[in-house]
Amino acid sequence: MSTTLDSVGDWGGQEELAARNFDRIIDAINTALDPALDPDLCNVLCKYAWNDWGSDKQLLTITDREIAEYVTQAIPTKK
């Protein structure tokens, strides 16, 4: 999945950065959870990620550490 400038919406001239950073979140989800094993769960998590980050200005400054923390919290674990 690749976020495009059209799909990311209006970020006040920072659309390319927003798209690139959202792609980093999606890549981290796909790395942590192989989409081939559970494509439905990956799709749901990507949609949740957009709901969480799609209008959050922090998307423009998100760090690798914040992405890792988000993904760790977003992926359900078996207990």
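Helix 3 (residues 39-53) comprises 15 residues, which at 1.5 Å a residue should span 21 Å, and its end C-alpha atoms are 21 Å apart, in agreement. The expected span is 1.5 Å times one less than the number of residues; helices are DSSP runs (H or I, at least four residues) numbered from the N terminus. The model is predicted: local features need pLDDT of at least 70 and side-chain atom pairs count only at pLDDT 80 or more, whereas totals for chains, interfaces and linings use all residues. Residues are numbered from 1 along each chain as its sequence is written, and side-chain values use heavy atoms, with hydrogens and water left out.

In helix 3, Cys42, Leu45, Cys46, Ala49 and Trp53 are buried (under 20% relative accessible area; exposed, over 50%; partly exposed in between; 1.4 Å probe, protein chains only). Seen down the helix axis, these buried residues fall within an arc of 105°, so they line one face of helix 3; the arc is that of the directions from the axis to the C-beta atoms. Asp40, Lys47 and Asn51, on the other side, are exposed. The cover over the buried residues of helix 3 includes helix 2 and helix 4 (64-74).

Leaving aside residues up to four places away in sequence, Phe22 is in contact (heavy atoms within 4.5 Å) with Thr3, Cys46, Ala49, Trp50, Trp53 and Leu59.

Technical notes. Helices (H or I, at least four residues) and strands (E, at least two) are DSSP runs, numbered from the N terminus.
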